[in-house]
Amino acid sequence: WEEVPGGALAVSAVHCGVESLLSGCSAVLDHLLIRHVDDLRAAIAGYRAVGIRAFIAPMLGDDARLHENYIPLAHDAAARNSSSDSDSGRNGDQCPGCGMGAGGFFRTRGGDHDPEKTAAMVELWEAAAQFHDPAGGIHIVIGPVTAYSASPQLLRAAAAVRRKYNLPGHIHLLETRAQALMARQLLPSGSAVQHLHDAGFLQLPGTSCAHSVWLTEREMELMAASGATAVHNPLSNLRLGSGVAPLRRYAEKGVNVSLGIDGACSSDGQDMLEVLKLATILPTMETPEYRDWPAPLETLKLASENGYRGVGMGGEAGVLEAGTFADLMLWDLTALPLLPRTDPVGALVLGSRTNAPGAGCALHSAWVNGRKVVSDGSPCGIDLVALRGVLRRAQQEYREPKTTDPRNDSSGVGQKIESEYRAAMGLEKPLSAVPPELKTFEERRVLYKPDLPDP
């Protein structure tokens, strides 16, 4: 990561922006890992070239050791560590020396935070805030990575920076069952949502929370009362086995729900039309009452009106009304995917993605803040043939198996992370009973029973 050239972030922003724009997005929120202000400059340049409205959230944390607070603790860590001197090797037969802690032991507490990193991250957010330029299509968002890898001090500082500059906020929240477990293990309140509220972050205007799959009933109520938005990422959540957010229940509780694509490394692309289709179909598994299944127009509202509300622009964009920002998409109803012309919105959301010469391009034109950014199906500011060439030339460097296949991780870090994760989530035989406060999880997020198994 330290060796990645800043220009790669510009190319990444262009690629993300183009795919999002051509699938009907007038705005994108990028929870972007950056090292310094030059990385931010590169991403801004990329998004500006595309012409899409960009909400850029520098994704920062202050863990003393990278990744240590990404993985829950094994409830039976002490029992696993007690076998470290056995004849079969540390941690028994499963994985000698494979814990994430010192000496290969399993961790028994969360990782520390680094006060120097805390100060540096706040300074970087302060510097990033100077690039906030809504009139120019660039919105800076304050984005701690998670409630676990951002210390309470960093979360409070993030809230303070937001208040100082009137900025939106974004954070990854309860994406997985593992994160729900970590909240009980590592946070004083036992709730990630309560933790963000206690830090003063959740209730500020324009707070969006990526994923939000494993909210409890109480957490739904607190999200609604705080005005925070749950960003539903169905493609990514299915791809990674994270679960499915119960959108109907969230709506009943008054939670604002919007839609997201997630990063390309988590959902393999940036196609919002795919997200719209899946978000419309998945709720049919939640209830047999077909009258409660969302119509395509309802799902489209989640992506448009609710999406802008989630970043603090409710009533300003995402609706076709006089006085709102002209962030508009014009679809060609003569394109093959939208024919025959029965229900145009239904065909757009649920129909095919036919892409061939003579078929026509469904997206004809697009405007962001009144500026035309797509014409006759092609972006106005980007040469797509040249972009493809750049990505082809970069392919060997960024898809080299020795850097992308965890089996080739010579450092052993990946093996240790996997070993602790499997133990924590009951994927290896537990050595002791799971404490009652850690055992059970919300139902109806996955098809399997979500509770942790006992020996």
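Predicted model: local features only at pLDDT ≥ 70, side-chain atom pairs only at ≥ 80, totals over all residues.
User: Is the packing of helix α4 on helix α5 roughly parallel or roughly antiparallel?

Analyst: Helix α4 (residues 115–129) packs on helix α5 (residues 152–165) with the axes 10 Å apart and at an angle of about 20°. Angles under 35 degrees count as roughly parallel. The angle therefore makes α4, relative to α5, roughly parallel.

User: Which residues of α5 meet α4, and how does the contact divide by class?

Analyst: On the α4 side the residues are Thr118, Met121, Val122, Trp125, Glu126 and Ala129. Their partners in α5 are Gln153, Leu154, Ala157, Ala158, Val161, Lys164 and Tyr165. By class, the residues of this contact are 9 nonpolar, 2 polar and 2 charged.

User: What is the handedness of the crossing of α1 and α2?

Analyst: The axis of α1 comes within 7 Å of that of helix α2 (residues 37–50), and the two cross at roughly 30°. Where α1 passes α2, the crossing is right-handed.

User: How many charged residues are in the contact of α1 with α2?

Analyst: From α1 the contact takes Gly6, Leu9, Ala10, Ala13, Val14, Cys16, Gly17, Val18 and Leu21. From α2 it takes Asp39, Ala42, Ala43, Gly46, Tyr47 and Val50. The classes are 11 nonpolar, 3 polar and, for charged residues, 1.

User: Which residues of α13 make the contact with α12?

Analyst: The crossing of these helices is right-handed. The residues in contact divide into 5 nonpolar, 2 polar and no charged. Leu276, Ala279 and Thr280 are the contributors from α12, and those from α13 are Pro296, Thr299, Leu300 and Ala303.

User: Which residues are the closest to the centre of the second largest pocket?

Analyst: This pocket has a volume of about 560 Å³. Its lining has 22 residues, and the closest to the centre are Leu22, Arg353, Thr354, Asn355 and Cys361.

User: Which elements give two or more residues to the lining of the second largest pocket?

Analyst: The lining divides into 12 nonpolar, 7 polar and 3 charged residues. The elements that contribute two or more of them are α1 (6–22) and α15 (344–350).

Methods. Residues numbered from 1 in each chain as written. Heavy atoms only, no water. Left-handed = near helix turned anticlockwise from the far one by under 90°. Helix = DSSP H or I, 4+ residues; strand = E, 2+ residues; numbered from the N terminus. Contact = heavy atoms within 4.5 Å. Nonpolar A, V, L, I, M, F, W, Y, C, P; charged D, E, K, R; others polar. 1 Å grid on protein atoms, 1.4 Å probe; cavity = no way out; pocket = protein on both sides within 12 Å on 5 of 7 lines; lining within 4 Å. Points joined across faces, edges and corners; volume = space filled by probe spheres on them. Axes fitted to C-alpha atoms, helices over the stretch in contact; angles between N-to-C directions. Parallel < 35°, antiparallel > 145°, perpendicular 65-115°, else oblique.
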